[in-house]
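Please keep the model open while reading.

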Amino acid sequence: MGSIEESSFSELNKDLDYDVLIIGAGLSGMYSLHRMHQLGLRTKILEAGGDVGGTWYWNRYPGARFDSESYSYNFSFSQEILDEWNWSEHFASQPETLRYCEFVCKKLDLRRDMQFDTRITAAYFQDETNAWLLKDEQGRQYTSRFLVTCIGILNNYTMPNIPGVHDYKGEAYHTARWPSVPVSFENKRVAIIGTGATGIQATQEIVKTAGHLTVFQRTPNWSLPLRNAPISPEEMDEIRSQYPEIFRKCAESYSCFMHVSDTRNTLEVSPEERQTFWDDLYEKRGFEKWLGNFGNINTNKEANDLFSDFVANKIRQRVKDPWTAETLIPKCHGFGTKRVPLESGYFEAYNQPNVRLIDVKSNPIECISKKGIRTRDEDFEFDIIIYATGFDAVTGSFTAIDFQGVGGIKLKDRWVEGPRTFLGLFVEGFPNMTMVMGPHQMFGNIPRSVEYAVSWVSRFIEYCRDHHITFAETTHQGVLDWTEHVHNCAVGLLANDVDSWMTGVNKNLAHKQKRIIARYQGPAPGYRKLAEDVATRNYEDLIMK
Ligand code: NA7
């Protein structure tokens with residue numbers, strides 16, 4: 001039996017199919033559905049994929065795994081799940097993470113309200129009824145009072161804008177749409193285009209079995225050792241006992257990781273001390289080498305150059321061929337100004353006789369041919385081409401759906417100059433719609449940010465339920481102020497001067513997009529304080545009816 005609030009709220013929505021519709025069954029969607037269940041609301045998840053997992057459902061390419069420590073990545077809200085789930089590695093592989101998603105789903109009995117193979121193509125706000133109308137690829141329609149978007153920040157994958165992509169007759173895969181059946185590389189001539197976090201993970205795995213691997217690199221990346229290791233049952237018990245401490249550290253840190261940056265100024269530490277600090281750091285696991293580093297490598301070009309030189313020397317030590325080593329060292333952007341990929345033997349892969357690096361900057365790809373790839377200087381034949389060419393990130397998940405708000409305003413028009421949001425949760429003119437991991441939110445260690453955003457959204461919907469609110473929208477001023485705040489937080493960060501998915505640049509898109517401030521770059525505790533303040537004041541910053 002539901003409470004009076006539940007039943008009268010559902011009564012207000014009785015002409016609608018649901019109280020709440022959620023798009024996406026990744027981590028955000030799963031947790032959102034759980035919270036809606038707890039509120040007793042009629043909720044449905046509509047998911048394009050054939051099962052749960054989101055990112056971890058689609059990105060099943062060889063070598064896909066966490067770059068965050070497994071035990072800082074998992075959900076923290078359920079003690080039962082924390083007690084029962086064991087990680088087998090410090091940085092879990094994609095199959096294990098997908099099993100985790102399935103486990104959570106079963107534990108929370110979520111599947112009963114999930115509909116798979118349902119790609120939403122349009123979401124229209126209905127002015128007459130203050131409701132949302134969603135349409136899927138098959139033309140089916142769904143209505144609800146509230147809409148929660150859980151569509152991920154890296155979802156809308158992009159193929160390279162190279163002529164002939166569709167002419168190729170061999171096997172071809174984008175890493176974000178990897179088949180669920182195994183792909184064999186034995187005795188095959190394999191090409192991979194792209195050397196971001198995905199390309200690096202895939203390369204170091206595929207090289208283990210490929211007959212020959214050719215890596216096409218346009219821009220090298222500053223990559224550091226992951227230093228993964230198995231977790232024994234005893235170690236897992238120990239980790240489990242430390243969960244409160246792990247989550248406390250994440251909650252207090254700048255970007256929701258377990259690591260805390262060193263507040264010393266790089267330039268004021270003696271060269272010897274710096275070298276020792278960095279040598280030690282290089283041996284550490286995961287992102288500690290980035291996030292536990294001197295904080296001002298992210299803001300001070302001179303400090304950044306020093307650490308970039310340190311990493312460049314490590315690459316020179318690890319790659320035997322001098323041309324290959326130099327080609328793998330980034331020259332046009334500093335360390336950490338793009339998302340740092342973590343690797344396990346990536347650089348050593350180039351020491352194998354069956355691996356070759358092609359520098360696309362000096363030897364551009366002219367086209368994809370029927371049999372392979374033609375560059376200015378050479379014609380290559382391949383059995384398999386792998387596209388690790390990334391995503392139309394952050395806003396791309398939103399432009400993939402025809403979102404229309406009040407009076408039919410299109411979201412893509414509203415964001416033509418870059419995203420404009422309130423708290424990264426609301427858009428002006430899009431009432432009753434909240435975004436979990438929308439632009440202008442703190443991304444960092446994603447599940448930590450997801451948990452907070454879902455908790456905020458759920459409490460907001462609970463408030464609406466309890467106060468019989470059927471219309472809630474951000475104000476124009478709220479959006480102006482928040483967007484200005486997000487932009488101010490980004491000032492001085494070297495990363496914003498660099499083209500990457502973090503700044504919304506994707507050269508494969510037909511339309512030219514200038515750099516944007518895609519994410520909240522102030523400290524995560526600061527973000528949460530501001531968002532909590534809005535909640536504590538009973539959402540009076542919003543227009544509610
Ligand atoms: P990224 O980081 O966007 O990397 C894409 C890579 O593909 C990058 O090296 C691109 O080079 C390269 N690329 C893209 N288009 C082309 C064309 N047309 N020709 C040659 N090379 C191309 O995506 P990932 O999937 O690796 O990682 C995304 C995030 O997922 C990652 O940061 C983690 O958070 C998880 P470019 O740099 O544009 O020159």
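In this predicted model, 5 strands make up an open sheet with parallel pairing, and their order is E7-E16-E8-E9-E12. The edges are taken by strand E7 (171–174) and strand E12 (355–359); each has a single partner strand, so one side of each has no neighbour in the sheet. On average, and with direction ignored, neighbouring strands are turned by 15° against each other.

Next come the aromatic rings. A pair of aromatic rings is described by the distance of the centres and the angle of the planes. Over the whole structure, a search finds 49 aromatic pairs. One of the pairs is Phe 125 with Phe 471, which is edge-to-face, at 6.4 Å centre to centre and with 70° between the planes. Phe 125 belongs to strand E4 (residues 120–126), while Phe 471 is in the loop between helix H17 (446–466) and strand E19 (472–474), so this pair ties together parts 346 residues apart in sequence. Phe 125 and Phe 471 are both buried. Tyr 346 and Tyr 350 have ring centres 5.2 Å apart and planes at 90°, so they too are an edge-to-face pair. Both Tyr 346 and Tyr 350 are buried. There is also an aromatic cluster, whose members include Tyr 31, Trp 56, Phe 66, Trp 85 and Tyr 100.

Charged groups also sit over rings. Lys 545 lies over the face of Phe 471, 4.3 Å from the ring centre, and Phe 471 is also the edge-to-face partner of Phe 125. The charged end of Arg 264 is over the ring of Phe 277, at 5.3 Å from its centre.

The backbone is the last topic. Most residues other than glycine have a negative phi. Asn 187, in the loop between E7 and E8, has a positive phi near 55°. At 73% relative accessibility, Asn 187 counts as exposed. Asn 538 has a positive phi of about 55° as well, although it is not a glycine. Asn 538 is located in the loop between helix H19 (524–536) and strand E20 (542–544), and with a relative accessible area of 43% it is partly exposed.

Technical notes
Residues are numbered from 1 along each chain as its sequence is written. This is a predicted model: local features need pLDDT of at least 70, side-chain atom pairs count only at pLDDT 80 or more; totals for chains, interfaces and linings use all residues. Side-chain values use heavy atoms; hydrogens and water are left out. Rings of Phe, Tyr and Trp (its six-membered ring) pair if their centres lie within 6.5 Å; planes under 30 degrees apart count as stacked, over 60 as edge-to-face and the rest as tilted. Helices (H or I, at least four residues) and strands (E, at least two) are DSSP runs, numbered from the N terminus. Buried means under 20% relative accessible area, exposed over 50%, partly exposed in between (1.4 Å probe, protein chains only). A charge sits over a ring if NZ of Lys or CZ of Arg is within 6 Å of the ring centre and within 35 degrees of the ring normal. Two strands pair if DSSP finds at least two bridges between them. Axes are lines fitted to C-alpha atoms, for helices over the stretch in contact, and angles run from 0 to 180 degrees between N-to-C directions.
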